[in-house]
Amino acid sequence: MDDETDSEYHLETLAVHAGRGVDPATGAVAPAIYPSSTFLRRPDGGVGPSGFGYGREGHPNSHSLEIALAALEGGAGAVAFASGSAAMLAVLESGARRGRVIVPEAAYHGTLAQARELLPRWGAQVARVDTTCLQAVEQALSADRTALLVVETPANPALGISDLAAIGELCEARGVMLACDNTFATPILQKPLALGAGLVVHSTTKYIGGHSDLLGGAVVAADPGKWLDDVDRFRTRAGASPSAFDCWLLTRSLPTLPWRVRAQSEHAARIANFLADHPGVAEVMYPGLEDHPGHAVAARQMSGFGAMLAFRVAAGRRAAMGVTESTRLFTRATSLGGVESLIEHRASVEGPDSGIPEDLLRLSVGLEHPDDLVADLAAALG
Ligand SMILES: Cc1ncc(COP(=O)(O)O)c(C=O)c1O
């Protein structure tokens with residue numbers, strides 16, 4: 001299964017085979033790394049038979065990764081980036097050139113900063129809406145010249161859930177492109193393109209990389225058309241291209257993605273239940289818990305609730321900071337999606353203006369044994 005991907009295959013099979021195959025020249029089963037920045041051209045100066053010209057425009061390792069990501073998301077094509085932020089900016093820029101852009105109230109703070117600080121410099125009109133509220137979305141979409149609506153679900157920091165199918169219908173009726181940041185769910189737990197999104201954005205730094213050892217991003221499109229071309233052009237013009245080595249690492253991580261994500265989600269559910277019963281915890285934000293406001297929608301549109309959760313420490317900020325100093329397995333660091341569990345005081349990461357409660361801690365649950373993770377948190381909470 002090389003350039004061709006057969007959507008009849010299950011996710012696990014696509015994760016192992018899509019975009020890769022035995023190298024016909026050497027018989028190598030494992031993919032090679034092609035660090036070359038440039039490629040042989042035809043005598044007339046045109047791009048050679050490999051289809052690759054200059055590394056910034058794409059190379060064999062980004063190409064393999066793009067085929068695999070498109071197959072996993074059920075898309076027509078993908079563009080790999082040097083980071084999730086670069087991928088999101090490419091989508092925002094493509095939207096801003098067409099009209100008004102709407103971003104969520106709650107999302108990764110870097111996405112919101114791009115919309116707040118960068119888009120207006122390009123003369124773009126930007127609005128923010130609570131994408132967990134359908135009425136608010138409908139109202140926001142009614143403004144003229146809206147070209148793009150971005151959602152992130154589950155979203156930073158409280159794991160808010162937006163109804164992709166319902167928002168997809170609203171967008172389709174108005175000819176608005178719906179882009180979904182699927183970083184927290186991954187294509188293993190949620191398929192935004194099947195639910196009505198036209199674009200999916202990933203920080204592949206997170207679960208897709210899965211080992212906290214690279215930065216990367218990707219945009220996957222439902223259709224091959226103009227939006228994907230624009231996103232691709234943005235990457236080339238901005239030089240936001242991923243290295244061959246990082247793409248190779250991502251390709252290497254893909255076969256285990258379904259198994260990592262499902263196991264990590266199971267561990268997170270276990271921890272959410274533990275925290276929900278703990279007297280030192282004021283609130284647990286995890287879409288798998290029945291009292292989470294997005295639980296019903298998440299149960300409908302996700303095949304698992306993910307491995308990210310947030311909780312509020314009843315005794316306040318100092319006690320919360322104390323928890324992050326006391327865990328032995330949860331490492332105090334920002335980011336998510338790696339095999340190792342992380343704990344972070346989100347307000348410190350996002351800054352004093354973020355509005356994130358000072359007693360809120362965010363967990364990225366890893367692949368350690370869940371009994372050990374629960375014991376670690378129990379000891380840290382005292
Ligand atoms: C949901 C989400 N989207 C996008 C990004 C940005 O990704 P990157 O750090 O790879 O630029 C992040 C980073 O934390 C994220 O959590």
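**Reading the sheet around strand E2**

Reader: How do you know that strand E2 (residues 100-104) and E3 pair, and in which sense?

Author: Two strands pair if DSSP finds at least two bridges between them; E2 and E3 have four bridges, in the parallel sense. Val101, for one, stands opposite Val126 in E3. This is a predicted model, in which local features need pLDDT of at least 70, side-chain atom pairs count only at pLDDT 80 or more, and totals for chains, interfaces and linings use all residues. Residues are numbered from 1 along each chain as its sequence is written, and side-chain values use heavy atoms, with hydrogens and water left out.

Reader: What makes these stretches strands or helices?

Author: They are DSSP runs numbered from the N terminus: helices are H or I with at least four residues, strands E with at least two.

Reader: Why is the crossover from E2 to E3 called right-handed?

Author: The term applies if, with the strands pointing away from the viewer, the path from the first strand over the helix to the second runs clockwise. The chain goes from E2 through helix H4 (residues 109-118) to E3, and this β-α-β crossover is right-handed.

Reader: What makes E3 an edge strand?

Author: In the open sheet, the order is E1-E7-E6-E5-E4-E2-E3, with mixed pairing. Strand E1 (77-81) and E3 each have a single partner strand, so one side of each lacks a neighbour in the sheet.
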